[in-house]
Amino acid sequence: MPVENSIIIFKGKQMSKVSENINRANYIAGHVKAVARMLEGDAYCIDVIHQLDAVSAAVTKLRQKVLDRHLNTCVIDAIRGSDGKKREKAISELLTVYERS
């Protein structure tokens, strides 16, 4: 299924939700690499833990953004559509996501 590149307006600027999420993912990847360098350099354990907490928070925020986008696109389309199987699948997937969180 192709990814819809929704446009949002934030503080007068157009931003793509997909681009925003890609930027967040790239930031997280860079942060994880920095943590790896800290570990390689035998950084103080508590400093590493603080950085891991920051990475975890960033991943949680990205997860929320992706879920929000999914709810406002794929799930709405499935619920409004005439295909009962797609509706059931969308609801089942959401239940699985919430059970895992």
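How exposed is Cys 74, by its relative accessible area? Cys 74 is partly exposed, with a value of 29%. Keep in mind that this is a predicted model. Another cysteine, Cys 45, has 55% relative accessibility and counts as exposed.

Now the overall layout. The chain has three helices and two strands. Start at the N terminus and the order reads β-β-α-α-α. There are 101 residues in the chain, and buried ones make up 19% of them. The chain exposes about 7,900 Å². Carbon and sulfur atoms supply 58% of that area. Next, contacts. Take those with a separation of 6 or more: 47% of them come from residues 24 or more positions apart.

Let's go inside. In soluble globular proteins, nonpolar side chains tend to be buried together. Here, the largest nonpolar core has six residues. They are Ile 28, Val 35, Val 48, Val 55, Ala 58 and Leu 62. H2 gives the most, with four residues.

Pick one core member, Val 35. Which residues does Val 35 touch, leaving aside its neighbours within four places in sequence? Val 48, Gln 51, Leu 52 and Val 55.

On to charges. The structure holds three salt bridges. Glu 20 pairs with Arg 24, and their closest N and O atoms are 3.5 Å apart. Both sit in helix H1, four residues apart, so about one helical turn separates them. Glu 20 also meets Lys 65 in a salt bridge, at 3.8 Å from N to O. That pair links distant parts of the chain: Glu 20 is in helix H1, Lys 65 is in helix H2, and they are 45 residues apart. Together, Glu 20, Arg 24 and Lys 65 are linked in a network of salt bridges.

Is Glu 20 buried or exposed? Glu 20 counts as buried, because its relative accessibility is 16% and the cut-off for buried is under 20%. Arg 24, at 26%, counts as partly exposed. Lys 65, at 28%, is also partly exposed.

Lys 89 is exposed, with a relative accessible area of 53%. Glu 93 is partly exposed, at 33%.

Note on methods
Residues are numbered from 1 along each chain as its sequence is written. This is a predicted model: local features need pLDDT of at least 70, side-chain atom pairs count only at pLDDT 80 or more; totals for chains, interfaces and linings use all residues. Side-chain values use heavy atoms; hydrogens and water are left out. A nonpolar core is a set of buried Ala, Val, Leu, Ile, Met, Phe, Trp, Tyr and Cys residues joined through side-chain atoms within 4.5 Å. Buried means under 20% relative accessible area, exposed over 50%, partly exposed in between (1.4 Å probe, protein chains only). Contact means heavy atoms within 4.5 Å. Accessible areas come from the Shrake-Rupley method with a 1.4 Å probe; for residues, only the protein chains shown count as cover. A salt bridge is a side-chain nitrogen of Lys or Arg within 4 Å of a carboxyl oxygen of Asp or Glu.
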